[in-house]
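Take a walk through this structure, one step at a time.

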Amino acid sequence: MKPSLRSMAALVLGAAAIAAGPAQAAEAHHTIVRADAVRWGPAPPSLPSGAQAAALLGHPAREGPFVLRLEFPAGYVIPPHRHSKDELVTVISGRVLIDSGEKVDRSQRGLEPASFVHLPGGMPHYAWAEVESVVQINGVGPFDVQYLDPRDDPRKP
């Protein structure tokens, strides 16, 4: 008799629960951040001044997953840079151009709310906010920012 897809899924999930053990299962929890609980503050020093940031989960500089929202004023530019790990970006509001490349190309059309961009680790890319905008970045820390032109790095004197 051929097992059903449902019974195979139950078997796999059961095996995963056994492998995880009771200690890991007891530690699992979820996170809820209501809109009125989002706390904005200055963006990380790795970004040009003018942006605001709100950490919703974890911390980009530490091990593990993180969720970070960034608010950009109109005209805000993050010069070409790369990260050693993947970056997952969702446009929450406004219009933001997020594209791969070693030079900012403002002739491209920006992304509207609900747009998504996956930027693989090591890929040069940049961002430009056409209007006041909010993006959400998901990733796994520690998360680094390496500017292609060291003169663009706001952390350098």
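Start with Arg109, which counts as exposed because its relative accessibility is 60%. Here buried means under 20% relative accessible area, exposed over 50%, and partly exposed in between, with a 1.4 Å probe and protein chains only. The model is predicted: local features need pLDDT of at least 70, side-chain atom pairs count only at pLDDT 80 or more, and totals for chains, interfaces and linings use all residues. Residues are numbered from 1 along each chain as its sequence is written, and side-chain values use heavy atoms, with hydrogens and water left out.

What does Arg109 meet in a salt bridge? Its partner is Glu112, at 2.6 Å from N to O. A salt bridge is a side-chain nitrogen of Lys or Arg within 4 Å of a carboxyl oxygen of Asp or Glu. Glu112 is partly exposed, at 35% relative accessibility.

Glu112 also meets Arg95 in a salt bridge, at 3.3 Å from N to O. This pair links distant parts of the chain, 17 residues apart. Arg95 sits in the loop between strand E5 (87-93) and strand E6 (96-100), while Glu112 sits in the loop between E6 and E7. Strands are DSSP runs (E, at least two residues), numbered from the N terminus. Arg95 has 24% relative accessibility, so it counts as partly exposed.

The links extend to another residue. Arg95, Arg109, Glu112 and Glu130 form a network of salt bridges.

The structure holds five salt bridges. Another of them joins Arg151 to Asp149, with the closest N and O atoms 2.7 Å apart. Arg151 is exposed, with a relative accessible area of 73%. Asp149 is partly exposed, at 22%.

Now turn to the strands. Strands of a sheet pair through backbone hydrogen bonds, either parallel or antiparallel. Two strands count as paired if DSSP finds at least two bridges between them. Six strands make an open sheet here, in the order E1-E2-E3-E9-E5-E7, with antiparallel pairing. Its edge strands are E1 and E7 (116-119), each pairing on one side only.

Follow the sheet from E1. Two bridges join E1 (residues 41-42) to E2 (residues 52-57). Pro42 stands opposite Gln52 in E2.

Next comes E3 (residues 64-72), joined to E2 by five bridges, and the two run antiparallel. Ala53 has Leu70 of E3 as its bridge partner. Leu57 is partnered by Val67, also in E3. Six residues lie between the strands in the hairpin of E2 and E3, where Gly58 takes a positive phi near 65°.

Methods
Helices (H or I, at least four residues) and strands (E, at least two) are DSSP runs, numbered from the N terminus.
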